[in-house]
Amino acid sequence: MNSYDSDRLLESVRSTHEQVKSPETADVIVFNTCHIREKAAEKIYSELGKIKKIKKNNIDTKLIITGCVAQAEGKAMISRQPIIDAVIGPQMYHKFNKVIEEVKSKKVLELDFDSQDKFKYLKKKRLNFSRSAFVTIQEGCDKFCSFCVVPFTRGAEASRKSYHIFDEVNHLVENGCKEVILLGQNVNAYHGFDKYNNEVNLAKLITSLEKIKDLKRISYTTSHPVDMHEELIELHGYSKKLNPYLHLPVQSGSDKILKLMNRKYTKTSYLQIIDRLRNKCSNIALSSDFIVGYPNETRRDFKDTLDLVKEVNFAQAYSFKYSSRVGTKSAKNKINNISNEEKNDRLQELQELLNTQQRKFNTDFVSKKVEVLVKGKGKKINQYRGTTKWMQVVNFQLSKEAKSIENVKIIKASNNSLLGEVL
Ligand code: SAH
Ligand code: SF4
């Protein structure tokens, strides 16, 4: 979502500013930040050391911090790092235009939660075009998982109007886009309104987007298991454009930990969702997020997570060590009874298992013919890079200009990508 937001921020000042290649030549430097884990949030401060030197040589250069660190730390950021000139929270991006002017003469803070205004602003046409585009359809979250800062940094759950999304996607497709990835912190909880004020859920929204002729692929992320409703599961069975891919974070396989996390599902109910999905779409690639070392997670709880992984067989996954975030319920409990060493061991064990599954998923594609949506040039001469419908990266060689979609035979697989040759 930060990637999408960065594009929108840039687009909103295109009439007065252009993007430069290095910060040394910039009038304004913007850091769009992530607060989800401590490591991501701290990164910003280590980066700022470099900017300090640039600002010393060019006293008119302004430094703006956007994103969730800006929202969470607000004014305190400026006290900690006085070289910061403005701090803008994610729900105030429609003010970016104004801030970029105001910051020339004073420090600026924009930290309200005014999401409707932003969504109105987002209605404006896009300027950045590519074959595959992110489109935010929903923001914020009301779920309050015990470990998570999102409800505090992105605010309450809000959905954009379905016809605004349709217009944005249609415009992208008119300009060459073939795949959209619909975004939301809780994307499958989407419930926007159409022109006639009828409520539209995610399945209905996807069905309406499928009517855009030259749009070939649709994906959505990130979903919560509790909002994986029947209509959406069924859509995976018959949709011609929905990618056979789902990122469905489970976090843990232990019912005790899931309860402490306030996730509102059990290991069994998660597995039932996976069964229902596979009944409709047998070749679906499943992806997930995991947290290891959550307070009070015993070795036995961790084993429940490993068992769940073995049962599901994931095509891809992201896993993290628990990170205490200020303001969340689990941070307030102040229990942190698992040593860092133990957390590292569990993370390694889990990742080894997940990597084996991912490698197996990819290796099964060797000798298969797949459609690759070409997304750009690869690192080598005459090399192109694209993705399958299962969201795997494919590299292939071609000495002429590649079409937007190429039929490719997979000849080699690794953990993170596939190698193919054009048929
Ligand atoms: N809305 C999604 C997740 C969004 S946050 C969901 O409900 O699943 C993205 C991922 O970051 C989470 O799935 C979780 O695995 C990880 N994460 C969030 N807060 C974390 C924390 N405090 N410590 C470690 N990982 C965290
Ligand atoms: Fe965070 Fe996702 Fe839970 Fe919302 S549902 S609080 S975004 S982990």
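Me: How do β15 and β16 pair, parallel or antiparallel?

Reply: Strand β15 (residues 369-377) and β16 run antiparallel, joined by four bridges. Pairing here takes at least two DSSP bridges between two strands, and the strands themselves are DSSP runs (E, at least two residues; helices are H or I, at least four), numbered from the N terminus. Across that pair, G376 stands opposite R385 in β16.

Me: Before I go on, what kind of model is this, and how is it numbered?

Reply: This is a predicted model, where local features need pLDDT of at least 70 and side-chain atom pairs count only at pLDDT 80 or more, while totals for chains, interfaces and linings use all residues. Residues are numbered from 1 along each chain as its sequence is written, chains are lettered from A and ligands numbered from 1 in the order in which they are written, and side-chain values use heavy atoms, with hydrogens and water left out.

Me: OK. Which residue in the β15 and β16 hairpin takes a positive phi?

Reply: N382 does, with phi near 60°, and that hairpin has five residues between the strands.

Me: Why is β16 described as largely enclosed?

Reply: Because four of the five residues in β16 (residues 383-387) are buried. Buried means under 20% relative accessible area, exposed means over 50%, and partly exposed is in between (1.4 Å probe, protein chains only).

Me: Switching over: what does β8 pair with?

Reply: Strand β8 (residues 179-183) runs parallel to β11, with five bridges. Strand β5 (residues 132-136) also pairs with β8 in the parallel sense, over five bridges.

Me: How many β8 residues are buried?

Reply: Five of five. E179, I181 and L183 sit on one side, V180 and L182 on the other, and all are buried. In a regular strand the side chains alternate between the two faces of the sheet.

Me: What about β11?

Reply: Strand β11 (residues 217-221) has five of five residues buried, so the rest of the structure largely encloses it. R217, S219 and T221 point one way, with I218 and Y220 pointing the other.

Me: Now ligand 1. Which residues come nearest?

Reply: R37, Q185, Q251, D289 and S323, out of 16 residues around ligand 1. A residue is near if one of its heavy atoms lies within 4 Å. By class the shell has six nonpolar, five polar and five charged residues. Ala, Val, Leu, Ile, Met, Phe, Trp, Tyr, Cys and Pro count as nonpolar, Asp, Glu, Lys and Arg as charged, and the others, Gly among them, as polar.

Me: Where does Q251 sit, and is it buried or exposed?

Reply: Q251 is in the loop between β12 (245-247) and α11 (255-260). Q251 is buried, at 7% relative accessible area. Leaving aside neighbours within four places in sequence, the contacts of Q251 (heavy atoms within 4.5 Å) are F147, M261, R263, Y265, D289, F290 and I291.

Me: Last one: what's around ligand 2?

Reply: The residues surrounding ligand 2 include C141, C145, C148, N186, H224 and R263. By class, that shell divides into seven nonpolar, two polar and two charged.
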